Amino acid sequence: MICTACQKVIADGSNFCYNCGARQPTGGPIPAAPTQNRKKLMRSSTDKKLGGVCAGLAAYLDLDVTLVRVLWVLAVFCGGTGLLLYIVLWIVLPVEPLFVPVVTQTQTTATP
């Protein structure tokens, strides 16, 4: 069942949404489930210092990119496997496509 207010999935037959607290309608048609956009792990194409691995990982995990970069540097200096893992992810992860905004032209009519 889908909440009519926040569009989150809730248990079937619920009277209230446990995410937003909205009262759910009883009976009637059940709204269709929205399409879920799954996040994909990709290298960043815009916010990158070397290969974009840390920025892509931060976007995937919803973390601050600076925190991920600091943790990665600690992994490189403390364990040594961080550098090898970074190079492997740099090769394996696809690059995030650039976002190009589409500008539509509006037709203006000249008034005499």
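Predicted model: local features only at pLDDT ≥ 70, side-chain atom pairs only at ≥ 80, totals over all residues.
Helices here are DSSP runs of H or I with at least four residues, strands are runs of E with at least two, and both are numbered from the N terminus. With that in hand I counted the elements: the protein chain has three helices and zero strands. Read along the sequence, the pattern is α-α-α.

Residues are numbered from 1 along each chain as its sequence is written, and side-chain values use heavy atoms, with hydrogens and water left out.

**Whole chain.** I looked up burial next (buried is under 20% relative accessible area, exposed over 50%, partly exposed in between, with a 1.4 Å probe and protein chains only). Of the 112 residues in the protein chain, 21% are buried. The chain exposes about 9000 Å², and carbon and sulfur atoms supply 63% of that; accessible areas come from the Shrake-Rupley method with a 1.4 Å probe. Then contacts, meaning heavy atoms within 4.5 Å. Among contacts with a separation of 6 or more, 29% join residues 24 or more positions apart.

**Met 1.** I found Met 1 in the segment before helix H1 (53-61). Its relative accessible area is 24%, so Met 1 is partly exposed.

**H1 on H2.** H1 and helix H2 (residues 65-78) pack at about 125°, with axes 8 Å apart. That makes H1 oblique to H2 (under 35 degrees is roughly parallel, over 145 roughly antiparallel, 65 to 115 roughly perpendicular, the rest oblique). On the H1 side I noted Cys 54, Ala 55, Leu 57 and Ala 58, which meet Val 65, Val 68, Arg 69 and Trp 72 of H2. These contact residues divide into seven nonpolar, no polar and one charged (Ala, Val, Leu, Ile, Met, Phe, Trp, Tyr, Cys and Pro are nonpolar, Asp, Glu, Lys and Arg charged, the others, Gly among them, polar).

**H2 on H3.** H2 and helix H3 (residues 81-92) pack at about 125°, with axes 5 Å apart. They are therefore oblique to each other.

Technical notes. Axes fitted to C-alpha atoms, helices over the stretch in contact; angles between N-to-C directions.
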